[in-house]
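Subject: Structure handover

Hello,

I am passing on the structure we spoke about. Please look it over before reading the notes below it.

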Amino acid sequence: MLKFCEKVLMKVKLYKHLITNDIYILFYFYLTKLLKKIKIKLNWLIAAIIILICKMPIKIIDHGSAQYQQMIDLRMEILRKPLGLHFEADDLEKEKEDILIGAFEDDDMVACCVLTKLSPELCKLRQMAVHQRMQRNGVGHAIMQFAENVARDAGFKTMTMHARKTAELFYEKIGYAPHGDEFIEVTLPHIEMRKKLI
Ligand SMILES: CC(C)(COP(=O)(O)OP(=O)(O)OC[C@H]1O[C@@H](n2cnc3c(N)ncnc32)[C@H](O)[C@@H]1OP(=O)(O)O)[C@@H](O)C(=O)NCCC(=O)NCCS
């Protein structure tokens, strides 16, 4: 319990300066990680306090910035390299038109996704990736919530995506439903999934 409290205090100190800045989303992935380790109910109370105090920055980043380079590196590591694939310069150039989202721990990008306008009402989520060491800690869920809010604010009514079959359940858990048949993309089985935002 002492160690737990020390970790909480450390995180509070670490993120205190961020609370007044920009847009941030609850830092609950850290909490869930700790809760997995220590299984006593009192922790749920402490957990609620952490949720209120600690925050993890998730923000929109600029195309061509140093943070965008971090995003490319993360996408390369998580999505492309395992398949032996690369990014085409043309495809990255087109992302100037997209909404680029990153989640950060300190200054390091730990998760990202991209929103592409398909029509005034339809938004496509792409390039969803969470750093290997941060997976299954709630980061993916948090960045999805942020992305959906951004899309809603931009006036989109529906979110769509080409989901890897291996990630289908992740999207299902946050309200996405299959739309159409399976297909192959970047060598892997995919399925289109959709969710009404409004
Ligand atoms: C898929 C991915 C984005 C999910 O992000 P994450 O941070 O690991 O997921 P979270 O911890 O927020 O998980 C939220 C819930 O979905 C579940 N979940 C996460 N990934 C899952 C998967 N691949 N299959 C089944 N369930 C999954 C979690 O267990 C959790 O369930 P719970 O709420 O019942 O505890 C991430 O694991 C990842 O980047 N994977 C590799 C790249 C990839 O597949 N990207 C998606 C391309 S479409």
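Predicted model: local features only at pLDDT ≥ 70, side-chain atom pairs only at ≥ 80, totals over all residues.

Residues are numbered from 1 along each chain as its sequence is written.

Overall

The protein chain holds seven helices and nine strands; these are DSSP runs numbered from the N terminus, with helices (H or I) of at least four residues and strands (E) of at least two. Of its 198 residues, 23% are buried. Here a residue is buried if 20 or more other C-beta atoms lie within 10 Å of its own, exposed if 12 or fewer, and partly exposed in between, with C-beta atoms placed from the backbone. Among contacts in the chain with a separation of 6 or more, 65% are between residues 24 or more positions apart. A contact means that the two C-beta atoms, placed from the backbone, lie within 7 Å.

The core

The largest nonpolar core has 32 residues, and Ile-101, Ala-103, Ala-111, Cys-112, Ile-143 and Ala-147 touch the most other members. Such a core is a set of buried Ala, Val, Leu, Ile, Met, Phe, Trp, Tyr and Cys residues joined through C-beta atoms within 7 Å. At least two residues each come from H4, S3 (99-105), S4 (108-117), S5, H6, S6 and S9 (188-196). H6 contributes the most, seven residues. Leaving aside residues up to four places away in sequence, Ala-111 touches Ala-103, Ala-129, Val-130, His-131, Met-134, Val-139, Gly-140 and Ile-143.

The 15 residues of H4 should span 21 Å at 1.5 Å a residue, and its end C-alpha atoms are 20 Å apart, which agrees; the expected span is 1.5 Å times one less than the number of residues. Met-71, Leu-74 and Arg-75 are buried in H4. Seen down the axis, the buried residues of H4 fall within an arc of 100°, so they line one face of the helix; the arc is that of the directions from the helix axis to the C-beta atoms. Exposed Ala-66, Gln-69 and Asp-73 sit on the face of H4 turned away from the buried side.

In H6, the buried residues include Val-139, Phe-146 and Ala-151. Gly-155, with a positive phi near 95°, follows H6.

Around the ligand

There are 19 residues around the ligand, and Gln-135, Gly-140, His-141, Leu-169 and Phe-170 come nearest. A residue is near a molecule if its C-beta atom, placed from the backbone, lies within 6 Å of it. Two or more residues of this shell come from each of H4 (66-80), S5 (122-130), H6 (139-153), S6 (158-164) and H7 (168-173).

Single residues

Most residues other than glycine have a negative phi. Asp-106 has a positive phi near 55° and lies in the loop between S3 and S4. Asp-106 counts as exposed because it has 8 C-beta neighbours inside 10 Å. Phi of Gln-127 is also positive, near 55°, but Gln-127 is in strand S5 and counts as buried, with 22 C-beta neighbours inside 10 Å.

Regards
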